Amino acid sequence: MTVFRPASLIFVVTVLVGTNTGACTGQIEPVDSDDPARDVPDPGRTGGSRNTGTITPKEDECAPTLIPPAGLRRLTRRQYEQTVDDLLGGGAEISKGFAPEGGSTGFDSASDGVLLNDAVIEQYVRAARTLSGDAVKKLAGVVPCDPVAKGESGCARAIVEEFGRRAFRRSLTNEEVNRYTGFFAQTRMNASYVRSLELVLQAFLISPQFLYQIQGLDQTVSRDGWVALTPNELATRLSYFLWDTTPSDALLELAATGGLDTAEQVKGQAIAMLKAENGNRLIRHFFSEWLDLDRLPGLVRGTQFTASTGNTMRTEAETYFDTLIRGRNASWQELLTSQTGFANAERDPAHHLGFLTLPGILSLHAFPNDASPIHRGVFIREQLLCEPHIPPPANIDVMVPPPDSTTTARQQLETKTQEVSPCRSCHERINPPGFAFDGFDQLGKWRDTDRQGRPFDTSGMLIGTDKDGPFNNHRDLIERLSTSATASDCFVTQWFRYGMARLEEADECGLRALQNVFRESGGDVGALVLAIVTDVEFLNKRVEVSP
Amino acid sequence: MNPMSRRSLLRTASGLALPLPFLADLRPAHAAVAPKRVIFMFTSTGSVRKNWKPATVGANPAPSPILKPLATADLKPYLTALSGINIEASGASGTHRGGMATCLTAQSMNSDCSANGPSIDVVLGERLKGMTPFQTLQFGVSTRNPPNCTGNSMITYRPSAKGGFEGVFAEDNPAVMYERLFANLPSGGSDAAIAKSWMEDRSVLDFATAEYKRLATRLGAIDRARLDEHATLLRSLEQRIGLPNPGGAVCTKPSLANPTIDPQNPRNFRAVAEMQMDMLAASFACDLTRVATLQFTTGESGLSWDTVDASLGFRATAGHATNNGVDAGETTSWWHGISHMPVSWDPASADPSDRQSLDVITRIQTWFADRLASLALRLMKYPDVDGKTILDNTLIVWTTEVAEGNHSHKDMPYTMIGNLGGALKSNVHLAYNGRQHGDIFATIGTAMGLTGFERFGRAGFSEGVLGDWLR
């Protein structure tokens, strides 16, 4: 059993099953190709560092058995939509009615995020009926074949082979071709040629090979539970990660001809895909899901705010990230501080800097008629610093009196949350970063005073990070966050959750390696994406070890 | 409307070489004993206790303002109010999300705001497995939010093939529900054409099921479990084709009033609700399921009532600024905003703005009581196999995720319509002193004649059956 272990991926320490010794040092060792514990390298892979029966996590203490088995990934709604569009040239809107999804990671990609029940099964069957019905009406455009010239069964075979290849993202085995053509023949006894083809397409569209990213089929599992992805499987994973759609013919061809066999090749391909037009999907989808941008059009923010306001804000945010990351190769620090990426010239550079001051972000975490420092503070603690969500203690009165002529909103909140002991331990972390943004109203617009004409007290103390200390306003706070390893590590954590489709809790070693790469790269988001697609956990599938 | 008796539907099918619907054998030949059925109706954002709670305790209670639509001559015999019951098992009492996770599960809430156990509808459905095509059905009205802490969207939880429990979305598109429930019922075309189309649908599902099973055996245990689950669900879908095969009741295929309605447009809120209730009632009459939920909005509803129907007049002017974002003097129809306006929750408050906002919340709740009444009357129109009506053998439980807008989880406003064929008392107000809501579900399971319902939900939070509710 071999596990794909690319040359450039050198975070490798051989750890035998069952060992779990030493400290997690962050030390990285090169692959030792003479390790006798390793299996014979797969002759089909020429990367030079294919591996090993014992895969090798990145840090000493990190026994590979700690990494949880990777759950089967089903296409997300977004992926289904894009896939169907690429496969059939339309019909994408059909998944708009699919049941909502979202898993423990906060991202749709989470392997535990797709729910399975009667209604979900039926949504796929309904979609397949509609899509196959439409497809046979324009079959010549999907898979051209003339049944008069080639014979019905000849055409059925051609369609099964060609449509099947695209639906399964690989060539069908002979056995599979026989099963699907057999199904055609059986159906054809009672149904017309076209209707029979329609039913065959339906069968493809509800098949496991279409709806799931199947990996590790028939694989002998290495003794510590790893399976190398086949070139096709890797092409599929890469395509769904970067473009949220089925791999293109060119990518499948590349994979089939040894073009994804080394980490350098995978990296080169990822760079090309990120540069291509569809490369904006990764940026758009990651930031939309991380920052909850899809919620913008539905916000209640007073009469000035409509769905179109929300859509504009969403587009502005997506453009901000895409322009900076793909257009200018901006770093994490720049994302937090840039003044140049704002789409709207009205944004005052004296106040607006970085994505935390995007109107969309400020509006999302606000009341309908005012800023909400608690919501903004919680957002920063949970999303930017990766602190866990901790609800207020049970049965506590969470109501806060509104501000009045003698007491500011901040004073009311502080009285409520910081003088009461069960509240204080969380709120001394939450409140200060929230108050820092009080100068922005519920629409993200700058204001100098509150409604009673009082200036805002935006000062506070940042705690719980490596850059703790006082700040006077949101600019100071952003400055601290932009140089904070806590924040930068959390950003990598979010990417890890998105890319690996799991929470990092069970095994943080892989995450820490990525965090190191990111720091050493100076916060280069592109480099982080490339480190993810060349990570062992991306290139291989972790499976449970049978006893 | 196109009522079909069991006999006529069987006659339709009798000339066809169809495999016997799989349920046919499971049903008693003479269903003189009617099945017991339950609906859990959820509305968001709580009530106004003092306008909800009947003024008198015991039999034949005096109707409260909110329960007035249910205190009619037709429905009062079926009306039950349970007061003094808390929902505290979530571990996040005092929050909307805690209430969502626990309101039907009586379980604790996980950190991703899901519930740590199955909901009562799923548990009952599982116990009635094989009796009907669907174990449970989830109808929604404006429920399409993501399944996370901000989405507050789900109240039904089922065991997951991945381990633990996962939420089930309550479908809020009537066209989808119609297709799920009634598309298979013949409504035209020759018997032969219908039979052929069913056969074809079955053959695709059969083929796909085999693909899932075949592939599952070639994968590791975890992936295998998920594909097997997928195969099982596909198989049960295949078995539902050609159903309903009504169990002796009059099965009416409802017509869908407006199949192209946009369910996300709040103006269609009422119309969607009506269609969903039509289908829910018909699905009981056709014995498609015996357990269902009807969920109006997600928790902490963001609905603005003026976008639903400005003529309802559900708007209030804040007497003072609220802590959730309504300015002093601002008039709004934003439901959650209104729910935070009252300082005192006493309808006799000296503050006129309190009285106004409590009046609006009361009228919103009365509006929902009216929906509940119309659902009950729909069930009453369908005769049951025992010669009574479907309503006679049904219990509708009305629940919410907070007692009042101040987020209290104590003394919840539990309204019931029905008595499960006389297994429960009705036309009664039972006042408790701090029992937990898992006890309600224990009582329902017991009243349905099922064993193992001594308690329900999180350990330590259910004392047992509410004995004085049982008849």
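How many salt bridges does the rule find across the interface of chain B and chain A? The count there is eight, a salt bridge being a side-chain nitrogen of Lys or Arg within 4 Å of a carboxyl oxygen of Asp or Glu. Before going further, a word on the model: it is predicted, so local features need pLDDT of at least 70 and side-chain atom pairs count only at pLDDT 80 or more, while totals for chains, interfaces and linings use all residues. Residues are numbered from 1 along each chain as its sequence is written, chains are lettered from A and ligands numbered from 1 in the order in which they are written, and side-chain values use heavy atoms, with hydrogens and water left out.

Now for the interface itself. Chain B brings 67 residues into contact with 63 residues of chain A, contact meaning heavy atoms within 4.5 Å. About 5600 Å² is buried between the two chains, and carbon and sulfur atoms give 58% of that; buried area here is the accessible area (1.4 Å probe) that two parts lose on being put together, summed over both. Phe207(B), Arg226(B) and Asn323(B) supply 11% of the area that chain B buries against chain A, more than any other three residues.

Back to the charged pairs. Over all chains, a search of the whole structure turns up 57 salt bridges. Glu122(A) sits in helix H2 (residues 118–137) of chain A and Arg240(B) in helix H7 (residues 221–240) of chain B, so this pair joins two chains. Glu122(A) and Arg240(B) form a salt bridge whose closest N and O atoms are 2.5 Å apart. Helices are DSSP runs (H or I, at least four residues), numbered from the N terminus.

H2(A) also has a partner within its chain. The axes of helix H1 (residues 77–88) of chain A and H2(A) come within 12 Å and cross at roughly 20°; axes are lines fitted to C-alpha atoms, for helices over the stretch in contact, and angles run from 0 to 180 degrees between N-to-C directions. H1(A) and H2(A) are therefore roughly parallel (angles under 35 degrees; over 145 counts as roughly antiparallel). From H1(A), Tyr80(A), Val84(A) and Leu88(A) meet Tyr124(A), Ala127(A), Leu131(A) and Ala135(A) of H2(A). By class, that contact has seven nonpolar, no polar and no charged residues (Ala, Val, Leu, Ile, Met, Phe, Trp, Tyr, Cys and Pro count as nonpolar, Asp, Glu, Lys and Arg as charged, and the others, Gly among them, as polar).

Elsewhere in chain A, helix H9 (residues 231–243) and helix H22 (residues 525–533) pack at about 155°, with axes 11 Å apart, and are therefore roughly antiparallel. Leu238(A), Phe241(A) and Leu242(A) in H9(A) meet Val529(A), Ile532(A) and Val533(A) in H22(A). The class tally is six nonpolar, no polar and no charged residues.

Helix H5 (residues 174–182) and helix H8 (residues 269–285) of chain B pack at about 15°, their axes 10 Å apart, which makes H5(B) roughly parallel to H8(B). Residues of H5(B) in this contact include Tyr178(B) and Phe182(B), and those of H8(B) include Gln276(B) and Ser283(B). Here the classes come to nine nonpolar, two polar and no charged residues.

Terms used:
Parallel < 35°, antiparallel > 145°, perpendicular 65-115°, else oblique.
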